[in-house]
Amino acid sequence: MRYNDDAQLDTSEVTDSRGGSGGGSMAGAGIIGLLIPLLFRGRSGKFSGVLVIVVVGVVVLLLSRGGSGGGQGVLGQLGQGNNPATASNTDLARECKTGADANSKLECAVVADINSVQDYWVAAYPSLATHYRGAAPSYTEVDTVFFTGQVSTRCGAATSDAGPFYCPGDKLVYIDLSFYNQLKSQFGAEGGPLVNAYVLAHEYGHHVQDLLGTESKVRTRQGASSDSVRLELQADCYAGVWMNHASQPAGGHPALITGITQADLDSAVDTAQRIGDDYIQKKLGNGTVDPDSFTHGSSAQRKKWLTTGYRSGDALQCDTFSTSNLG
């Protein structure tokens, strides 16, 4: 996968807080959009039990995806104590101007991915929303926050170990870019531009679910056919739908991506399988697979729904909540 050298990048869709003081003491490691199973939560969004997973020696405690938090927004929380918040896009804007920059620098590629995903949803979301009673009528663009080490959000505090996530409380996507190295070094993923884009497209899929009202209806948090699993598989499917359209103009902008090869797609599917609940439990946990504790779906399910989205290119084919056959 390559980016259109002449395409213009919009760094305003990123809040770059790297180098800042991360924010707050650890109340937990935040929410994982792609990787490690969530806490078992009750309908209130509060703790009702803890599922502790040890991954490469790190014990990750997760807060509710839908926690209310309260207080000031993320930009007011990036500093610690009375220190000022530190978030500046100056360097990013200087370094990431065109698709040519995206082809040579990881952070610029991520900017391009965010621009492409949001351009697609600006155009495609309204027709999808007509099928959901009470859904927001149009897509609202949201930032991705680049952070290093740890960050405070309205969904709780998170470290880099938590992986990328979307927080409905402040409607932001969060990522420490070192996560892409973790995918390769710890999970054995092949990596590559489409893998990196898939990670962000999945998180923006959660934003789409938030706008549609899907996320707020999640009740069962664990189990092979739980609402949580269905939510994650649908986000995978939405990511696949974007992949199908990624090399097409959208949202009034020219395409940022020039094409996706079969090798690119194979790498993304390989990654989806490596972050299935069963794979994580067997390879990075105690070796025992427990479907009753699933929160994101099995490797086979994640492959199925990512490819369903890609092959169909139709978000209406991503209704994981109505089917009895999750794969």
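User: How do you know that the reach of α5 is close to the span expected at 1.5 Å a residue?

Analyst: This is a predicted model, in which local features need pLDDT of at least 70, side-chain atom pairs count only at pLDDT 80 or more, and totals for chains, interfaces and linings use all residues. Residues are numbered from 1 along each chain as its sequence is written, and side-chain values use heavy atoms, without hydrogens and water. Helix α5 (a DSSP run of H or I, at least four residues) has 20 residues and reaches 28 Å from its first C-alpha to its last.

User: What makes α5 mostly covered?

Analyst: Buried means under 20% relative accessible area with a 1.4 Å probe, protein chains only, and 19 of the 20 residues of α5 are buried.

User: How is the packing of α3 and α5 described?

Analyst: The axes, lines fitted to C-alpha atoms over the stretch in contact, come within 9 Å and cross at roughly 35°. The angle runs from 0 to 180 degrees between N-to-C directions. In the contact (heavy atoms within 4.5 Å), α3 contributes residues including Trp121 and Tyr125, and α5 residues including Leu200 and Tyr204.

User: Why are β6 and β7 called paired strands?

Analyst: Pairing takes at least two DSSP bridges between two strands, strands being E runs of at least two residues. Strands β6 (residues 150-153) and β7 (residues 156-159) are joined by 4 bridges, so they pair, and they run antiparallel. Valine 151 has alanine 158 as its bridge partner in β7. With 2 residues between them, β6 and β7 form a hairpin.

Methods:
The expected span of a helix is 1.5 Å times one less than its number of residues. Buried means under 20% relative accessible area, exposed over 50%, partly exposed in between (1.4 Å probe, protein chains only).
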